[in-house]
Amino acid sequence: MVRGYTGKAHTHLIGAYVSKPVVLIAEELSPATISALGPDFEVRHCDGSDRAELLPAIADVDAILIRSATKVDAEALAAAKNLKVVARAGVGLDNVDVSEATQRGVMVVNAPTSNIVSAAELAVGLLIASARNISPAHAALRQGEWKRSKYSGVELADKTVGVVGLGRIGLLVAQRLSAFGVKLIAYDPFVRPTRAAQLGVRMVELDELLEQSDFITVHLPKNKDTLGLIGDEALRKVKPTVHIVNAARGGIVDEAALYEALVDGRVAGAGLDVYAKEPCTDSPLFGLDNVVATPHLGASTDEAQEKAGVAVAKSVRQALAGQLVPDAVNVRGGVIAEPVRPFLDLTENLGRLATALAPAPVSRVDVEVLGELAEFDVSILELAAVKGMFSVLIDEPVSYVNAPVLAGDRGVETSLATEGEYDDHRALVKVGVSCSDGCRLSVAGTVVGLRDEPKLVEIDDAAVDVPVSEHMLVFRYPDKPGVVGMVGGGLGDAGVNIANMQVSRTDDAVTMVLSVDSTVSDDVVETIAAGIDASIGRAVDLAE
């Protein structure tokens, strides 16, 4: 009999004792984080910045929650034999080896929207502080010096602000600065000009932004294309009165080039929260009066920290329950549209069922999505089918993270196709498997009703109509009388109750699908299959 992985958080039985999944909190997080985890976990604490303390502490945990001080690198991942989730209570993942985690089937999650308001507000604060010389004026006053004339500033009203990167944070900054009566321009190759125009922002090329802006604020991710983007060449195109703010990622603004431009008078001022190497305490920029600098405080508000902790705590709960986590950074699929969500479990179970019925090892999995579902991004359904497939084939837990790794390691090819035109059902998912011996088998299903109940509707060319349940049986046999009674009698003798039965006749054979109330043993299935001359006789335990 084939039993699929149920996708539930695991428990360990020791006598009558049932242990809870272990969550390690390696840095200080808000009390709301613990509350969001709930009572279903054993929570431990350690100082993640201390390697000698971290490595033994991580050895047997299911999940670890960190901020920026804990490095979850290859060494830590190798020590964490039971680890399933690394949860970063924040946005940046420089301290997590995401590639190594993926290879080991460990999900990495963060809280991508937790600090966007805090980061946007800090950027605005740095811009105003630079414009009005707040930092040096404050320092002078603390030293007993009253220097009103020296620290005269400039207004924002009627100035041009260039936003480099009009993503979530850049957009919030633009919205807030619009209240100051500024003219907003932006550079972002991924934002449509019509969308920006609706927000009161004019899209321009980077060179035009550099030349026209009185203030420039950077809100890009750091990658090979953005590293050093605002460097010496760019800083020779700006107005000498420009103020530049970087509260995004260190290295996007070349610090050495910025220092030279400030000293030479080619840039009027700067506001910095991030640096190429952190922690940074000895930059020559810190000695300049026209620089206001903070130690990476973009996410350092009580509200942001609480939102980040709560968000990743919820992600940990989802991940350890075997569910897809929208904020997982190493899982294909992205944001899942609501109409797609009911098809996730269905597709995973179709992958289980197709693999269980396959007569030989599976070498390829093909997923077809038909009907109105095809208008959405359904790439996650391909992954769900592969997850279901390997849940049948291996004893270890299979996740949305390690499923594609398992497929790649075993040379299993996958594909996804969509077709919007389909008459028989509102939406249908078909999972086909090709076997090493050249055979092919497919199963198809849909969801129906107000509760989106999953149904199995096809096995190869046999049309069926059976609810997908936790315990299912499939027989294929020559068309002859008396088979229904033999199957029912065999199950009755074994004390197995039949919930649903469907018989479908084709030219070649009869396919019988049953959902039953309990697990059916191999011996019972084999006895029934032999009695009815079945070419296929399988009992498959699916996820609830």
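A nonpolar core is here a set of buried Ala, Val, Leu, Ile, Met, Phe, Trp, Tyr and Cys residues joined through side-chain atoms within 4.5 Å. The model is predicted, and the points below describe what was computed from it.

**Nonpolar cores**
- The largest nonpolar core has 76 residues, and Leu381, Val443 and Leu456 touch the most other members.
- Leaving aside residues up to four places away in sequence, Leu381 touches Val340, Phe343, Leu344, Thr347, Val367, Val369, Leu373 and Val429.
- Another core, of 31 residues, lies apart from the largest one and includes Leu210, Ile230, Leu235 and Val242.

**Salt bridges**
- The count of salt bridges comes to 28.
- Lys387 and Glu348 meet through their side chains in a salt bridge of 2.9 Å, N to O; because Lys387 lies in helix α14 and Glu348 in helix α13, the pair ties together parts that are 39 residues apart in sequence.
- Lys387 is buried at 2% relative accessibility, and Glu348 is buried with a relative accessible area of 5%.
- In the salt bridge between Arg202 and Glu208, the closest N and O atoms are 3.1 Å apart; Arg202 is partly exposed at 42%, and Glu208 is partly exposed at 27%.

Technical notes:
Residues numbered from 1 in each chain as written. Predicted model: local features only at pLDDT ≥ 70, side-chain atom pairs only at ≥ 80, totals over all residues. Heavy atoms only, no water. Buried < 20%, exposed > 50% of the residue type's maximum accessible area, 1.4 Å probe, protein only. Contact = heavy atoms within 4.5 Å. Salt bridge = Lys/Arg side-chain N within 4 Å of Asp/Glu carboxyl O. Helix = DSSP H or I, 4+ residues; strand = E, 2+ residues; numbered from the N terminus.
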